[in-house]
Amino acid sequence: MDCIFCKIAAGEIPSATLYEDEDFRVILDLGPAARGHALILPKAHYADLCEIPEELAAKAMILAKKIVSAGRKALRCDGYNIVQNNGEAAGQTVFHFHIHVIPRYTGDNAGVTWTPGTLTEEDRQEITACMREALK
Ligand code: 5GP
Ligand code: ZN
């Protein structure tokens, strides 16, 4: 399998590494949404959130918390977005699980928001019914 994030996570391709431990490498994104945009990459390959084991997913979120705390001090940002895309329809372009950790600066206009729609009564009923069933 030819996966760029496997190679970066393994150190085979050089990257701007902010942090590394036995499970993860945290790097700077080459196309940042804002200054300090980082990516948390597990060293093992999982395509997305469905594939990654629960324990590792939990560790990844704990690591995101650590990066946010450090970034608040080091980068003096005003906020953070945590973004994690799954599937082409959702904007995933690299099919190796990763979490975007995006510092935000007041007025930066980084494009990580959406235009709110409307929750219709029909959707409210249908979605709560089918999702409650699926979550059992
Ligand atoms: P996705 O759209 O899959 O959620 O995010 C992929 C991210 O990886 C993009 O933000 C893109 O800029 C970044 N990216 C793609 N290739 C490379 C690379 O070779 N090195 C680094 N550091 N970032 C990359
Ligand atoms: Zn991979």
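This is a predicted model: local features need pLDDT of at least 70, side-chain atom pairs count only at pLDDT 80 or more; totals for chains, interfaces and linings use all residues.
## A strand pair and a ligand shell

Thr17 stands opposite Ile27 in strand β2.

**The strands.** Thr17 belongs to strand β1, which covers residues 17–20. Strands β1 and β2 run antiparallel. They are joined by 3 bridges.

**The whole chain.** Now step back. The chain holds 3 helices and 5 strands. Read from the N terminus, the order of elements is α-β-β-β-α-β-β-α. The C-alpha trace spans about 50 × 40 × 25 Å along its principal axes.

**The ligand.** Where does ligand 1 sit? It sits in the largest pocket. Around ligand 1 there are 16 residues. The closest are Asp29, Gly91, Thr93, His98 and His100.

Which elements give two or more residues to this shell? They are α1 (4–9) and β2 (24–28). Helix α1 gives the most, with 3 residues.

What kinds of residue make up the shell? By class, 8 are nonpolar, 7 are polar and 1 is charged.

| Residue | Protein atom | Ligand 1 atom | Distance |
|---|---|---|---|
| Leu28 | backbone N or O | nitrogen | 2.9 Å |
| Gly91 | backbone N or O | oxygen | 2.8 Å |
| His100 | side-chain N or O | oxygen | 2.8 Å |

How much of ligand 1 does the protein cover? On its own, ligand 1 has 520 Å² of accessible area, and the protein covers 79% of that.

Look again at the residues in the table. His100 uses its side chain instead. Both Gly91 and His100 are among the residues closest to ligand 1.

Key: Residues are numbered from 1 along each chain as its sequence is written. Chains are lettered from A and ligands numbered from 1 in the order in which they are written. Side-chain values use heavy atoms; hydrogens and water are left out. A residue is near a molecule or strand if one of its heavy atoms lies within 4 Å of it. A polar contact is a pair of N or O atoms within 3.5 Å; within protein, one must be able to donate a hydrogen and the other to accept it, and residues adjacent in sequence count only if both atoms are side-chain atoms. Accessible areas come from the Shrake-Rupley method with a 1.4 Å probe; for residues, only the protein chains shown count as cover. On a 1 Å grid over the protein atoms alone, a cavity is a set of points where a 1.4 Å probe fits but cannot get out, and a pocket is an open set with protein on both sides within 12 Å along at least five of seven lines; lining residues have an atom within 4 Å of a point. A molecule sits in a cavity or pocket if more than half of its atoms lie within 2 Å of its grid points. Helices (H or I, at least four residues) and strands (E, at least two) are DSSP runs, numbered from the N terminus. Ala, Val, Leu, Ile, Met, Phe, Trp, Tyr, Cys and Pro count as nonpolar, Asp, Glu, Lys and Arg as charged, and the others, Gly among them, as polar. Two strands pair if DSSP finds at least two bridges between them.
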